[in-house]
Amino acid sequence: MPGYHLVGSCNGLHCGVSEVPEGYCVCLWNKATRVISRESPTLSFSPGIGRRIMFGFGYDPSSDKYKVVAIALTMLSLDVSEKTKMKVYGAGDSSWRNLKGFPVLWTLPKVGGVYLSGTLNWVVIIGKETIHSEIVIISVDLEKETCISLFLPDDFCIFDTNIGVFRDSLCVWQDRNTNLGLWQMRKFGDDKSWIQLINFSYLHLNICPYEEKSMILPLCMSNNGDFFMLKFTRNADDEYQTILYNQRDALNDFNL
């Protein structure tokens, strides 16, 4: 929609954010029905140097309401308690509310919140100082409007870590430009239930390791777990290729 930056979609409904002099406004719309919501009240945070804002969009089934979550990080804040702020807005509400209990972030997430079963989830670095920071998933419960931290599988680093939904479960993967690993959280909210679904070398996909700006994205998996469909892009300007990978035999069967 003109003037709005798309920040998320859920159940066919899109969420856009527009920057205004006083802060930000949110609008929802359905492309199929062409129904557009009224603008939200203005979202504003106290002034801060180096402030960045990230949004997430999802559905709260308990209230039958769509909600937007905004995370603000002030990079140069001297007051640690003011470094990270989080607010939530429900469609039709008269104001934005503060979400309490949110951890202090060292960096903002790379992408907007991933929606799953009434929650929004991000991979972040938390901590007040670099030496005391750690990488976790922060998960916001849209019904309770509370936040918890979930640990990632062992040996994860923030770089090239992605989060998404795969086979109706929360998943994370790392593309190290030499190999791709993907983990699934079998029981949502239980960070001891991670299992590794795939871990294979670029060489098995006939891709040169360390190829500049290349990216592999898992798309889907067969019911028996033998076949994976992957999206491969060499750089942002290239067309992508779809790869069907046979994990059992470690063969790249098709390259479409």
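F55 is buried (under 20% relative accessible area, where exposed is over 50% and partly exposed in between, with a 1.4 Å probe and protein chains only), its relative accessible area being 7%. The model is predicted, so that local features need pLDDT of at least 70 and side-chain atom pairs count only at pLDDT 80 or more, while totals for chains, interfaces and linings use all residues. Residues are numbered from 1 along each chain as its sequence is written, and side-chain values use heavy atoms, with hydrogens and water left out.

The structure holds five aromatic pairs, a pair being rings of Phe, Tyr and Trp (its six-membered ring) with centres within 6.5 Å, called stacked for planes under 30 degrees apart, edge-to-face over 60 and tilted for the rest. Two of them are tabulated here.

| Pair | Centre to centre | Angle between planes | Type |
|---|---|---|---|
| Y24 and F55 | 5.8 Å | 70 degrees | edge-to-face |
| Y59 and Y66 | 4.8 Å | 45 degrees | tilted |

Because Y24 lies in strand β3 (residues 23-30) and F55 in strand β5 (residues 51-60), their pair ties together parts that are 31 residues apart in sequence; strands are DSSP runs of E, at least two residues, numbered from the N terminus.

Key
Helix = DSSP H or I, 4+ residues; strand = E, 2+ residues; numbered from the N terminus.
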